[in-house]
Amino acid sequence: MSLWDWVFHRRQREEERDEEVQTHLRMAAQERMEQGETAEQARASALREFGNVTLVKEVTRDMWGFRWIEILLQDLRYGARMLAKNPGFTAVAILTLALGIGANTAIFSVVNGVLLRPLPYPRPDKIVCVNLVWKGGGVNDTLTVPEYEFYRDHASAFEAIAGFRGGPDLSIKRGGALEWIHSLRVSDGFFRVLGTAPALGRGILREETVPGSAQSVVLSDSLWRKAFGADPAVVGQQVEMGDASYTVVGVMPPYFTFVEQPADAFVPLQLGRSIVDTGMNTRVIARLKPETSLAQAQANISVVFEQLRRVGSVQSGQQGLQLVSYQKWLAGDLRPSLLMLFGAVALLLLIACANVASLMMARANARRREISIRLALGAEPSRLLQQFLAESLLIALLGGSAGLLAAAWVLRALLSSIPWDIPATTHIGLDGSVLAFTLLVALGTSLAFGFTSYWQTSRLDPNAALKEGSTQGGRSTTRSRTRSALVIGEVALSLMLLVGAGLLIEGLYLLHQERLGFDPQHVYTMTTPFAPAARVTAGQVWNFEQQTLERFRAVPGVTSAAVVTLPPLMGPNNIPTQQEGHPRAQHRRHGVPGDQSPVFPDDAHSHPAGPRIPRD
Amino acid sequence: MKPNRERYQNRIELLQGTLDMLILQTLQWGPQHGYAISLSIRGRSGEVLQVETGSLYPALHRLEKQGWVTSQWKQTESNQHAKFYRLTPTGKRQLVTEQARWTRIVNAIAGIMDPAPEKGEA
C-alpha cells in the first residue's frame, strides 16, 4: 500500500476489515446453529473461538504498513486533547515559549542578515576594504585620491580595485515632476570589484575618471525602469540629471544593489588633484585575485605602502594599510553587540525552557496516576516517551508559531528603533533560514521537555504510585531535587540577564547624561539636495540658503534655523563645530571653509531652546 | 494488552512461512473467503491444524500487500457478502518455490529422523 492509499483509503479499509471479521463471525455462528446450538450460544462460541476481536483487527491493520504514522497521529491527538483539557497550562507554556522563541527568531534574523548571509556578489569572500591605520591605533576607512591611484597602479594582489564616494542627490525630470535620485561617484573597476557586469552597455572607464572629461552614467535597474520605461535604446543617449547632461553608458541588472550605499545612478569619480580630492574622502574596495589569500594580499599592499612612503606622500602618523573582509567591515561594530544580544536572548530562551519544564514537571506529577495505570497495563516505556515527545512537540510547535508572529512584530519595531548603522539594503526578515532556525529551536526545546517529563516518570514505580493514590509524598526526593536544580538554574540565568540589562541601562543613562554642549531637544535636521555644480557660484548658494532659512523662520513654531554642512556628532570624523566669526574659531588644516563645518549663524539672537554652539 | 499482542505476533512468526504456503495452496482450487480458508485447512489436515484468526487475517492482508493474492467482495453460495481472496500469477510462482523449499526441508528432516531411505511425509 502506498502512502497515498494509506492517507485516502484508510477509513474504507478499516470498514472493510471490520466487515470481513463480522462475516467470519456470522458464518461461524451459522454453522454452529446448523449443528443445533441456539443463536446466542452459537454467537458466544464463535466469538470465543475467534479470540480477541480488537487485537486481531489491530494486528491485521499492522500488516498494511505505516504503523508509525498511526501511532504518531494517535499520540498527537491524545496530546492535543490533554492540552485542550488544561487550557491554563497550555496558554502559559505556549506564551512562555513564544516569548523565548520570538526573541531568538527576531535577533537571529538580524544576525542572519548582517553577519551570516554572504554579500550578494560572486565570491564575496574575495572583496576587501582598504583601510588606513594610524600609529595611535585609529583606523580610517577613507583614503585620498592620489593614494588610491598609487595602490591601483602598484598593488599586484588585486584583480580589481576601485574608489568611490557618495555623490550629490540629483534631480531628474519624470512626467513633468522633479524626482530626487541618489548618485554615487565610482572609479573604473568598481563593478569588477563587485563581480557584477552591467546588464546593458558597459561600466565606467578609466578615461572617464579624468577631470574635465564628458560625464557618463550607469543607471540602476530600478531607475532605468522608473524613469526610462526600461528602454534598451537609452544606452548612448544624453540624459539631464541635476543641471548637467550625462551620457548613459550602462544599466545594471535588477539583482544588483550596492549594499553599503544604495544608489540610483553611478557617475565617474573624477580623480582630480584639487584640494577636495586630496582630502581623505574616498573609500577603496578591492577584489583579490582568485588564488590570492587575504594574508598574501596584506603582505603585498604593505610593501606598496612602504613604496608610497619612500615617495614621500605619507603623513608621518600613518602606520600602514589594513585589508579587511568587506562583509566583516560592513558588519563593523554591530558584530560584538549582535552576538552579545544573541547570547542574551539564548539565555532568555533557556529561562523560558526551564519555566515550561517545571510546569510540565508539575503536570507530570498530577498525571502520575494515569501514567502508573498505563505502565501497570503493560505500556512500554518507549511508548510513553513517544507520547511525551508528541505532547511537547505540540507545545513547542504552537509556541514556535506564536514566537514567529511575535518575531515578525518585534522585528519591525526593532529595525525602526535600532540605534546602529545597519548596511542599508541588508535584507533583514523572516526568510527560509530564519524559519529553519525557529523550527530547529522549537524541535530542540520539545526534545528537552519530552525527555525531562519522561525521565521523571520513567522512574515511577507503578505499584507505589497507585498505592499512594492521590497523596503526594514518599518517593519524591528525586523529583524535588530536579525541581531544585531547575529553580537554581533559572535564578542564576535570570540574575545574569538582570546584571547585563542593568549595565546596559546604566550605560544608556550615562550616555544620556553626557553633556553635549548643546540641547538636542526640539532640534530637527533635514538635508537640502542642493547639487553643487560648476555653474552655481558660492554667492548663489549663499543666497539660496539665506532664502530657505528666511522661509523656515517664518514657519509658526520655529524659533530659529541654521545651516551646517555636517551637524554635530554626525558624519564620519566627528569634526569639531565652531561658530563662524567666533574669535576662538580657527581653521585648522588648509584654512578652507567647508573643511570644518562652519555654522551659519541664525538670526543672531540666542534662543533659549535653540541649539547652542559649543564653546570650543 | 501489550503481552497479548506479543503472544499473537510470536505465533504468527512461528507459523509464518508455513501458514502462507498453506493459504496459497488452499487458494489454488479457487477464490475463497477467510472463514472457508480456515475450515479448509482444518478439514484437509484432519482437524490437526487449527488456524488462529489472529494469524489468518494478518497473513491474508500481508499476502495481499505482497501481491500474491488479490481480494474482491462477492456473494457466497448462502448469499452472504464476503471478501474473497484469489491467487495471482506471482502468488502461483511463490507457491511453487515454497513447495520446493518445503519438500527439501521435509526430506532433510526425514533423513535425520529416519536414516533408512523410505518415503517420509509429515
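In chain A, residues 24 or more positions apart account for 77% of the contacts with a separation of 6 or more, a contact being heavy atoms within 4.5 Å. The structure is a predicted model, in which local features need pLDDT of at least 70 and side-chain atom pairs count only at pLDDT 80 or more, while totals for chains, interfaces and linings use all residues. Residues are numbered from 1 along each chain as its sequence is written, chains are lettered from A and ligands numbered from 1 in the order in which they are written, and side-chain values use heavy atoms, with hydrogens and water left out.

Chain A contains 17 helices and 13 strands; helices (H or I, at least four residues) and strands (E, at least two) are DSSP runs numbered from the N terminus. Of the 616 residues in chain A, 40% are buried. Buried means under 20% relative accessible area, exposed means over 50%, and partly exposed lies in between (1.4 Å probe, protein chains only). Chain A exposes about 33,000 Å², and carbon and sulfur atoms supply 60% of this area. Accessible areas come from the Shrake-Rupley method with a 1.4 Å probe, and for residues only the protein chains shown count as cover.

Within chain A, strand β11 spans residues 318–325 and includes A:Q319. Between A:Q319 and A:W134 there are 185 residues in sequence, but the C-alpha to C-alpha distance is 4.9 Å. Leaving aside residues up to four places away in sequence, A:Q319 touches A:V133, A:W134, A:K135, A:F305 and A:R309. The relative accessible area of A:Q319 is 43%, so this residue is partly exposed.

Backbone angles were also examined. Most residues other than glycine have a negative phi. A:R123 has a positive phi, near 40°, and is placed in the loop between α5 (87–116) and β1 (127–134) of chain A. Because its relative accessibility is 46%, A:R123 counts as partly exposed. A:A230 has a positive phi as well, near 55°, and lies in the loop between α8 (221–228) and β7 (238–241) of chain A. With a relative accessible area of 25%, A:A230 is partly exposed.

Chain B has four helices and three strands, arranged along the sequence in the pattern α-β-α-α-β-β-α. Buried residues make up 38% of its 122 residues. Residues 24 or more positions apart account for 49% of the chain B contacts with a separation of 6 or more. The accessible surface of chain B is about 7,400 Å², 54% of which belongs to carbon and sulfur atoms.

Two packed helices are described by the angle between their axes and the distance between the axes. In chain B, helix α2 (residues 34–44) packs against helix α3 (residues 53–66) at an angle of about 120°, with the axes 11 Å apart. Here axes are lines fitted to C-alpha atoms, for helices over the stretch in contact, and angles run from 0 to 180 degrees between N-to-C directions. At this contact, B:G34, B:Y35, B:I37 and B:S38 of α2(B) meet B:L56, B:Y57 and B:L60 of α3(B).

Helix α3(B) has 14 residues, of which 11 are buried. Among the buried residues of α3(B) are B:L56, B:Y57 and B:L60. After α3(B) comes B:G67, with a positive phi near 85°.
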